[in-house]
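Open the model in your viewer and keep the sequence panel beside it. The stops below go from the whole chain to single side chains.

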Amino acid sequence: MSDREMPDPDGVAAESVPPRVEVVRGTPTEEELAALLAVVGEEYTREAEEAVADDSRPSAWQLTQRSLRRPLRRDVPWGRFAG
């Protein structure tokens, strides 16, 4: 995979893709780059842990389901067959 390709959303997990940093201006030292990666990596990890999808809305399948039938009441006679 080249540096410009995006990972396949169905095949490759985001954790398995190595991060890529490109300096476009200036000449940072190795210590400055290490500090930058530490801060950005920590914030990314914190944001990823806090980002959870809210699944409170029912799906279309759940909206179309019929409710379960109430249990039969054996104490109530049924029509002319009640005896």
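How many helices and how many strands are there in the chain? Show the cartoon and count: there are two helices and zero strands.

**Whole chain**

This is a predicted model, so colour it by pLDDT before going further. The chain averages a pLDDT of 76, and 73% of the residues score at least 70. Now select residues 1-5, where the pLDDT is below 50. Beyond near neighbours in sequence, this stretch has three contacts in the model.

What share of the 83 residues counts as buried? The figure is 0%.

**The nonpolar patch**

Select V21, V23, L36, L37 and V40 and show their side chains. Together these residues make a nonpolar surface patch of about 430 Å². Stop at V23, which lies in the segment before α1, the helix that spans residues 30-50. Is V23 buried, partly exposed or exposed? V23 counts as partly exposed because its relative accessibility is 42%, and the partly exposed class runs between the 20% limit for buried and the 50% limit for exposed.

Hide the patch and select E42, E43 and R46. A search of the whole structure finds two salt bridges, and these three residues are linked in a network of salt bridges.

Start with E42 and R46. Their closest N and O atoms are 3.9 Å apart, and the cut-off for a salt bridge is 4 Å. Both residues lie in helix α1, four residues apart, which is about one turn of the helix.

Then move to E43 and R46. In this salt bridge the closest N and O atoms are 2.8 Å apart. E43 and R46 also both lie in helix α1, here three residues apart, again about one turn of the helix.

How accessible are the partners in this network?

- E42 is partly exposed, with a relative accessible area of 43%.
- E43 is partly exposed, with a relative accessible area of 40%.
- R46 counts as partly exposed, at 38% relative accessibility.

End the tour on R46, which forms a salt bridge with E42 and another with E43.

How values were computed. Residues are numbered from 1 along each chain as its sequence is written. This is a predicted model: local features need pLDDT of at least 70, side-chain atom pairs count only at pLDDT 80 or more; totals for chains, interfaces and linings use all residues. Side-chain values use heavy atoms; hydrogens and water are left out. pLDDT is the predictor's confidence in each residue, from 0 to 100. Contact means heavy atoms within 4.5 Å. Patches are made of residues with over 30% relative accessible area and no salt bridge: like charges are joined within 9 Å, nonpolar side chains (Val, Leu, Ile, Met, Phe, Trp, Tyr) within 5 Å. Accessible areas come from the Shrake-Rupley method with a 1.4 Å probe; for residues, only the protein chains shown count as cover. Buried means under 20% relative accessible area, exposed over 50%, partly exposed in between (1.4 Å probe, protein chains only).
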